[in-house]
Amino acid sequence: MRTHSQESPAKQANWTARIILVVVALVVLTAAYFAFAAILPVWWANVIRNQVQGKLGAGILVGMFHGFVFTFVPLLVAWQATRKSVSWPWKLTILVSAVALASPNLLTAGIMFGSSQAAHNGQRILGTEATWFAMWTQISAIAAAVSFVLGLVLWRVWRQRGKKMRALRKADAERSMAAKTANDTAASSPVPEAPAATNSQADRR
């Protein structure tokens, strides 16, 4: 059997390798964050500019579409993670998918509320080439969130009402069955015969 002194170097080597991997992963993620922060705002602003093509009405319609769809659908997907039948690995997958679906609105929010040079460049592009897009994206995103909450409340109320109606129908069925059983029992039970009259004694004179 291996002694404690023989196992310690192996464990230390494993921990050292894990620490190195974590540090490398953090460095890569940090570099990727700064790279995307410098590229994505301008790239997304150009994508929206190509969709709108400088038209005022197109800016409003595209903003309404992006704001509503990419808010309502991610919320609907994320809500699936609240189900008790879904395991934790799948819950995490669902939440990551919801964030990915909401990425258009997240990119727009990063441009409008960002303070980096890339965000300022994106703001200039949207402000001149896609007028009203950002504002209507925000309005439609709020409308989508409110619609989702109202729909969820109405769905819960309807579900509770359905449970109450099923419980009432079940209770009525049980009462009807109990009454029918009582009637059947009463009908099938034999009727007791009257006792036969005893022969009276001979009439007295």
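1. Let's start with the nonpolar surface patch: Leu56, Trp132, Met135 and Ile139 make it up, and together they have about 370 Å² of accessible area. A patch here joins residues with over 30% relative accessible area and no salt bridge, with nonpolar side chains (Val, Leu, Ile, Met, Phe, Trp, Tyr) linked within 5 Å and like charges within 9 Å. Areas come from the Shrake-Rupley method with a 1.4 Å probe, and for residues only the protein chains shown count as cover. Ile139 sits in helix H6 and is partly exposed because its relative accessibility is 39%. In these terms, buried means under 20% relative accessible area, exposed means over 50%, and partly exposed is in between (1.4 Å probe, protein chains only).

2. A word on what you are looking at: this is a predicted model, in which local features need pLDDT of at least 70, side-chain atom pairs count only at pLDDT 80 or more, and totals for chains, interfaces and linings use all residues. Residues are numbered from 1 along each chain as its sequence is written, and side-chain values use heavy atoms, with hydrogens and water left out.

3. Helices (H or I, at least four residues) and strands (E, at least two) are DSSP runs, numbered from the N terminus. Of the 205 residues in the protein chain, 19% are buried.

4. Trp132 counts as partly exposed because its relative accessible area is 40%.

5. Gln53 is another non-glycine residue with a positive phi, at about 60°. You will find Gln53 in the loop between helix H1 (4-52) and H2. With a relative accessible area of 57%, Gln53 is exposed.

6. Helix H2 covers residues 56-79, which is 24 residues, and spans 35 Å from its first C-alpha to its last, close to the 34 Å expected at 1.5 Å a residue. That expected span is 1.5 Å times one less than the number of residues. Buried residues in H2 include Gly59, Val62, His66, Pro74 and Trp79.

7. Gln80 is partly exposed, at 26% relative accessible area. Gln80 and Trp90 are ten residues apart in sequence, and their C-alpha atoms are 9.9 Å apart in space.

8. The charged surface has a patch of its own: Arg83, Arg156, Arg159, Lys163, Arg166 and Arg169 gather there as positive charge. Lys and Arg count as positive and Asp and Glu as negative, while His and the chain ends are not counted; each charge is placed at NZ of Lys, CZ of Arg, CG of Asp or CD of Glu. Lys163 belongs to helix H6 (residues 133-188) and is partly exposed, at 46% relative accessibility.

9. Finally, the structure holds one salt bridge, that is, a side-chain nitrogen of Lys or Arg within 4 Å of a carboxyl oxygen of Asp or Glu. Arg175 and Asp172 are the partners, at 2.1 Å, N to O. Both lie in helix H6, three residues apart, about one turn of the helix. An α-helix has 3.6 residues a turn, so residues three or four places apart point the same way. Arg175 is exposed at 54% relative accessibility, whereas Asp172 is partly exposed at 38%.
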